[in-house]
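Work through the exercises below with the sequence and the structure in view. Each task is followed by its solution.

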Amino acid sequence: MADIEALTIGPGSRVTMHFTLSLTDGTVADSSEEGEPMTFTMGDGTLIEGLEMVLYGLKVGDKQCLEIGPRDTFGFPEEDNIHTLARSEFAAELPLEEGIILGFSTPSGEEVPGTIHEVHDEEVVVDFNHPLAGRPVVFEVEILAIQPGEFTQDSDA
């Protein structure tokens, strides 16, 4: 019987963890600490690859805190992702201010965040780059549980 303590996170592992994702100035962007821990399967797309990569090899009880650059997380802002929309496309009662993040629906029905960049009488400039694009982040995790992936058994056992 395998020693449960020796189980480490690998491809396909089901991981339960608490996490905090913050900016280098300490501003918390996302966290599970106040609620239920996050459970996901490695490689299922729940976490972006750069965040997932730092989990490989961790064991239950491990805690890790790393600063990760934009190249491995949310990328760098792209000019092509900044769009000017007619002010009339926004509800009249919606208070538009620079810096607020709103949800927008794409033609395919996907919900994407957009940051209000500029507000003018007739138009609004919206930045559809990820709000954390271009910024290093601090990723802090505590591994609570690991279940082995379905296809992680050695064929030479």
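**Exercise 1.** By the ring-pair rule, how many aromatic pairs are there?

Solution. The model is predicted, so local features need pLDDT of at least 70 and side-chain atom pairs pLDDT 80 or more, while totals for chains, interfaces and linings use all residues. Residues are numbered from 1 along each chain as its sequence is written, and side-chain values use heavy atoms, without hydrogens and water.

Step 1. Rings of Phe, Tyr and Trp (its six-membered ring) pair if their centres lie within 6.5 Å; planes under 30 degrees apart are stacked, over 60 edge-to-face, the rest tilted. The count is two aromatic pairs.

Step 2. Phe-90 and Phe-104 have ring centres 6.0 Å apart and planes at 90°, so this pair is edge-to-face. Phe-90 sits in the loop between β5 (82-86) and β6 (101-105), and Phe-104 in strand β6, 14 residues apart. Strands are DSSP runs (E, at least two residues), numbered from the N terminus.

Step 3. Phe-104 also pairs edge-to-face with Phe-128, at 5.0 Å centre to centre and 75° between the planes. Phe-128 lies in the loop between β8 (123-127) and β9 (137-147), so the pair ties together parts 24 residues apart in sequence.

Step 4. Phe-90, Phe-104 and Phe-128 form one aromatic cluster.

**Exercise 2.** Is Phe-104 buried or exposed?

Solution. Step 1. Buried means under 20% relative accessible area, exposed over 50%, partly exposed in between (1.4 Å probe, protein chains only).

Step 2. Phe-104 has 14% relative accessibility, so Phe-104 counts as buried.

Step 3. Phe-128, at 23%, is partly exposed.

Key
Helices (H or I, at least four residues) and strands (E, at least two) are DSSP runs, numbered from the N terminus.
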